[in-house]
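Please keep the sequence and the coordinates in view while reading.

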Amino acid sequence: LYRWTPEHVYREPEEIATFKPELNSVIHSFSATETHAIFFFYPFVPNIAEMWAHNFHAFEVMEWHDQDMEVAVIRLADGHVDRFSAPPTFSAHHANAYNLPDGKFVVDLCPTLYENF
């Protein structure tokens with residue numbers, strides 16, 4: 001996860017955190033609050049071995065895996081990463097996110113059936 005600020009040169013962003021998700025999910029969107037970045041790694045992954053057979057059309061090789069999704073919550077101040085599993089859902093877009101006074105977060109998603117991708 002990188003951060004660009006006005007004083008950064010475009011090619012030299014600040015690295016906030018590095019982590020490797022368990023799933024090679026397609027990530028189109030994520031959420032950011034004032035204090036955290038929140039990523040959902042849906043169990044919707046490309047079957048790379050099938051790319052050649054489908055003329056490299058990525059949408060044709062996407063597969064839904066019947067398993068929980070991974071959620072990564074990164075603290076922007078120091079890059080600490082918390083990870084947990086959650087029941088699977090799919091969303092192409094995160095709409096909004098914010099902190100609650102009790103330390104929890106609200107993440108607004110636009111959930112849809114993965115077949116609509």
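In which strand is the place of His36? His36 sits in strand β4, which covers residues 36–41.

## Basis

The model is predicted: local features need pLDDT of at least 70, side-chain atom pairs count only at pLDDT 80 or more, and totals for chains, interfaces and linings use all residues. Residues are numbered from 1 along each chain as its sequence is written, and side-chain values use heavy atoms, with hydrogens and water left out.

## Overall fold

The protein has ten strands and zero helices. Helices (H or I, at least four residues) and strands (E, at least two) are DSSP runs, numbered from the N terminus. The C-alpha trace spans about 45 × 35 × 20 Å along its principal axes.

Of the 117 residues, 29% are buried; buried means under 20% relative accessible area, exposed over 50%, and partly exposed in between (1.4 Å probe, protein chains only). Among contacts (heavy atoms within 4.5 Å) between residues at least 6 apart in sequence, 48% join residues at least 24 apart.

## Nonpolar cores

A nonpolar core is a set of buried Ala, Val, Leu, Ile, Met, Phe, Trp, Tyr and Cys residues joined through side-chain atoms within 4.5 Å. The largest one has ten residues: Ile38, Phe40, Tyr42, Phe44, Met62, Met69, Val71, Val73, Ala86 and Phe90. Strands β4 and β7 (69–75) each supply at least two residues of this core, and β7 gives the most, with three.

A second, separate core has eight residues, among them Ala37, Phe39, Ala72 and Leu76.

## His36

His36 counts as buried because its relative accessibility is 16%. The His36 side chain makes a polar contact with the side chain of Thr35 at 2.6 Å. A polar contact is a pair of N or O atoms within 3.5 Å; within protein, one must be able to donate a hydrogen and the other to accept it, and residues adjacent in sequence count only if both atoms are side-chain atoms.

Leaving aside neighbours within four places in sequence, His36 is in contact with Ser31, Val73, Ile74, Arg75, Leu76 and Phe105.

## His94

His94 lies in strand β9, residues 91–99. Its relative accessibility is 11%, so His94 counts as buried. The side chain of His94 makes a polar contact with that of Ser31 at 2.6 Å.

Not counting residues up to four places away in sequence, His94 touches Ser29, Phe30, Ser31, Ile38, Phe40, Tyr42, Val107, Asp108 and Leu109.
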